[in-house]
Amino acid sequence: MIELRLLRYFVAVAEEGNFNRAAERLHIAQPPLSRAIQQLEAQLGAVLIDRSARPFRLTAVGRLLHTQALQMLARMED
């Protein structure tokens, strides 16, 4: 089961388009944020972010997860 924390982190990274800005937004350091995203990718067995592109881009799986994560997090807040 995926932790909501990891989904929140992923959404922040996807929306900010930058790990450093996402870390600032989340009030955490960048290295733990990067490790959390890697953990999420390992749990899902899929690459979510194409880190070779500058700026990075979400993969097809990453775009799908972003959409679904926004919906799940919105439901949790309701």
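Visitor: In which helix is E41 found?

Guide: This is a predicted model, and in it E41 is found in helix α3, which covers residues 30–44.

Visitor: Is E41 buried or exposed?

Guide: The general idea is to compare the relative accessible area with a cut-off, and under 20% counts as buried. E41 has a relative accessible area of 10%, so E41 is buried.

Visitor: Which backbone atom does the side chain of E41 reach?

Guide: The side chain of E41 reaches the backbone nitrogen of I49, at 3.4 Å.

Visitor: Apart from neighbours within four places in sequence, which residues is E41 in contact with?

Guide: With those neighbours left aside, the contacts of E41 are A46, V47, L48, I49 and R51.

Visitor: On to charged pairs. How many salt bridges are there?

Guide: The general idea is a distance rule: a side-chain nitrogen of Lys or Arg must lie within 4 Å of a carboxyl oxygen of Asp or Glu. By this rule the count is 6 salt bridges. One of them joins the side chains of E15 and R25, with N to O at 2.7 Å. E15 lies in helix α1 (residues 4–16) and R25 in helix α2 (residues 19–26), so this pair ties together parts that are 10 residues apart in sequence.

Visitor: What else does R25 form a salt bridge with?

Guide: R25 also forms a salt bridge with E16, and here the closest N and O atoms are 3.2 Å apart. These residues belong to a network of salt bridges that links E15, E16, R21 and R25.

Visitor: How accessible are E15, E16 and R25?

Guide: E15 is partly exposed at 42% relative accessibility. R25 is partly exposed at 37%, and E16 is partly exposed at 26%.

Visitor: Which residue forms a salt bridge with D50?

Guide: D50 pairs with R57, with the closest N and O atoms 3.7 Å apart. D50 is partly exposed, at a relative accessible area of 25%.

Visitor: How many aromatic pairs does a search of the whole structure find?

Guide: The search finds 1 aromatic pair. F19 and F56 form this pair, which is tilted, with 5.5 Å from centre to centre and 55° between the planes. F19 lies in helix α2 and F56 in the loop between β1 (49–50) and β2 (57–58), so the pair ties together parts that are 37 residues apart in sequence.

Visitor: Are F19 and F56 buried or exposed?

Guide: F19 is buried, with a relative accessible area of 13%. F56 is buried, with a relative accessible area of 13%.

Visitor: Which residues touch the most other members of the largest nonpolar core?

Guide: That core has 22 residues, and F10, V13, F19, L33, I37 and I49 touch the most other members. The elements giving two or more residues to the core are α1, α2, α3 and α4 (60–77). Helix α1 gives the most, with 8 residues.

Visitor: What is L33 in contact with, leaving aside neighbours within four places in sequence?

Guide: The contacts of L33 are Y9, V13, F19, A22, A23, L26 and I28. F19 is thus on the list for L33, besides forming the aromatic pair with F56.

Notes. Residues numbered from 1 in each chain as written. Predicted model: local features only at pLDDT ≥ 70, side-chain atom pairs only at ≥ 80, totals over all residues. Heavy atoms only, no water. Helix = DSSP H or I, 4+ residues; strand = E, 2+ residues; numbered from the N terminus. Buried < 20%, exposed > 50% of the residue type's maximum accessible area, 1.4 Å probe, protein only. Polar contact = N/O pair within 3.5 Å; in protein donor to acceptor, adjacent residues only side chain to side chain. Contact = heavy atoms within 4.5 Å. Phe/Tyr/Trp six-rings, centres within 6.5 Å; stacked < 30°, edge-to-face > 60°. Core = buried A, V, L, I, M, F, W, Y, C linked by side-chain atoms within 4.5 Å.
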